[in-house]
Amino acid sequence: MKVVLQNLTKRFPSRSKNGSDVIAVNDFTFEIPDGKLIGLLGPSGCGKSTTLNLLSGLQKPTSGKIFFGDDDVTNLSPEHRGVGLVFQNYALYPHMTVRQNIMFPLENLKGADKLTKQQMNERAVEAAKLVQIDGLMERKPKELSGGQQQRVAIARALVKMPRVLLLDEPLSNLDARLRLQTREEIRRIQRETKITTIFVTHDQEEAMSISDLIIVMKDGVIQQIGKPQDVYDNPINLFVAKFLGTPPINVFEGHVKGEKLFIGDEAVLNVPGVSDCDVNVAIRPEGFSLRNDGPFTCKFANLEVMGRDISVIAQHTACEAENIRAIISSENRADLTSEDTVRFALKRDKVFLFDRVSGNRISFN
Ligand code: ADP
Ligand code: MG
């Protein structure tokens, strides 16, 4: 089921007299292709949950429209939209067994959709198998681990065979290992069922690792939509560049003069076609090479060995952060000779320039 948002806006009136309204979702227009998993990504408070609530029908938009396929569902109540919802807090019924929890959404089906007890049970077992908890059907939620509870919640969302699956930070309450495992499970289930899925998270790594497409948002405004790798390789603005990637991108103040990029008074890269201007320079950690004759000189601070790679920690007065982090393949380590300075060459496709005022990307060849 393809999902289309058309100029979708949600405005919350200010609670105080002189305060301004919050536009939690600001003029969203995009199309989610059928059968894909979309990661809706942004910092806390940027409007992710509101977007999901609009899609599920729990909240009404201030303006704009939502389509599921060709159906305009904007004014449809949640129970008629055919959405499955999973939240951060799994909210299972504590007094019911796993089986009863999963069956619960089927109990209230009416008319032609009404199911017999036997049919409900079959559907519940099917959903439980999908998330691999069919061996735990008679347990109560408190007899399950956090990860198992979240699987029950996912099974419960799937049991009505939703047209669209909406997941709001579903892994946030799990510990690191379970988070990793459960996100792979979600990806597998999504591939198997081919249900169009929107996965909300503030965790860029999580979104990057499982999504077909990511939507990066900030303050209610979409910043960029694309395949995870494309967005990482071509961030449209400084916000997106900084939001994606661990360790984070390194940001410097710099300027362009005579088609050369300067950081401090060193010309570190040729940037043909760029007019003279002040810029922010963002360099991915993997964008540095250690070179004794490299054009970019930094103060050496520390070396962290991580097996396959080494991490060179350095400093520069033009850097926004205290430390620069460069990830270097360990074979390259021999080049680190001096005690107090380190010199780098820069990889062009890992260096991004942004207008110092607007934050917009400035391309170079
Ligand atoms: P996220 O899920 O990305 O953390 P939310 O969608 O929950 O963000 O919130 C987006 C913005 O809308 C925030 O500034 C939040 O304070 C505001 N907001 C959310 N719900 C309401 C509400 N019911 N009333 C007023 N403001 C709200
Ligand atoms: Mg939220």
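Reader: One element gives the most to the lining of the largest pocket, with four residues. Which element is that?

Author: This is a predicted model: local features need pLDDT of at least 70, side-chain atom pairs count only at pLDDT 80 or more, and totals for chains, interfaces and linings use all residues. Residues are numbered from 1 along each chain, chains are lettered from A and ligands numbered from 1 as written, and side-chain values use heavy atoms without hydrogens or water. At least two lining residues each come from strand S6 (83–86), helix H2 (98–107) and helix H4 (146–158) (DSSP runs: helices H or I, at least four residues; strands E, at least two; numbered from the N terminus). With four residues, the top contributor is S6.

Reader: What is the volume of the largest pocket?

Author: The lining holds 28 residues (an atom within 4 Å of a point on a 1 Å grid over the protein atoms alone; a pocket is an open set with protein on both sides within 12 Å along at least five of seven lines). Nearest the centre lie Glu79, Val83, Pro105, Arg156 and Lys160. The volume is about 920 Å³.

Reader: How much space lies in the second largest pocket?

Author: Lys242, Pro247, Pro248, Ile249, Asn250 and Val251 are among the lining residues. Cys319, Glu320, Ala321, Asn323 and Arg325 also line this pocket. The space comes to about 160 Å³.

Reader: How many cavities of 30 Å³ or more does a search of the whole structure find?

Author: A cavity is a set of points where a 1.4 Å probe fits but cannot get out. The largest cavity has a volume of about 50 Å³ (the space filled by probe spheres on grid points joined across faces, edges and corners). At the cut-off of 30 Å³ or more, the search of the whole structure finds one.

Reader: Which element gives the largest share of the lining of the largest cavity?

Author: The lining residues are Ile154, Leu165, Leu167, Ile186, Ile189, Gln190 and Thr197. The largest share, three residues, comes from H5.

Reader: What part of the area of ligand 1 does the protein bury?

Author: Start with the atoms around ligand 1. A backbone N or O atom of Gly45 lies 2.6 Å from an oxygen atom of ligand 1, while a polar side-chain atom of Lys48 lies 2.9 Å from a ligand oxygen. The Ser49 side chain also places an N or O atom 2.9 Å from an oxygen of ligand 1. Taken alone, ligand 1 exposes 560 Å² (Shrake-Rupley, 1.4 Å probe), and the buried part is 65%.

Reader: Which element gives the most to the shell around ligand 1?

Author: Phe12, Arg15, Val22, Ala24 and Pro43 are among the residues that surround ligand 1 (a heavy atom within 4 Å). The shell also includes Ser44, Gly45, Cys46, Gly47, Lys48, Ser49 and Thr50. With three residues, the top contributor is H1.

Reader: How many of the nine residues of H1 are buried?

Author: Buried means under 20% relative accessible area, with a 1.4 Å probe and protein chains only. The buried residues are Lys48, Thr50, Thr51, Leu52, Asn53, Leu54, Leu55 and Ser56. H1 is mostly covered, and its buried count is eight.

Reader: Which residue with a positive phi follows H1?

Author: Look just past the end of the helix. The phi there is near 95°. The residue is Gly57.

Definitions and conventions
Polar contact = N/O pair within 3.5 Å; in protein donor to acceptor, adjacent residues only side chain to side chain. Buried < 20%, exposed > 50% of the residue type's maximum accessible area, 1.4 Å probe, protein only.
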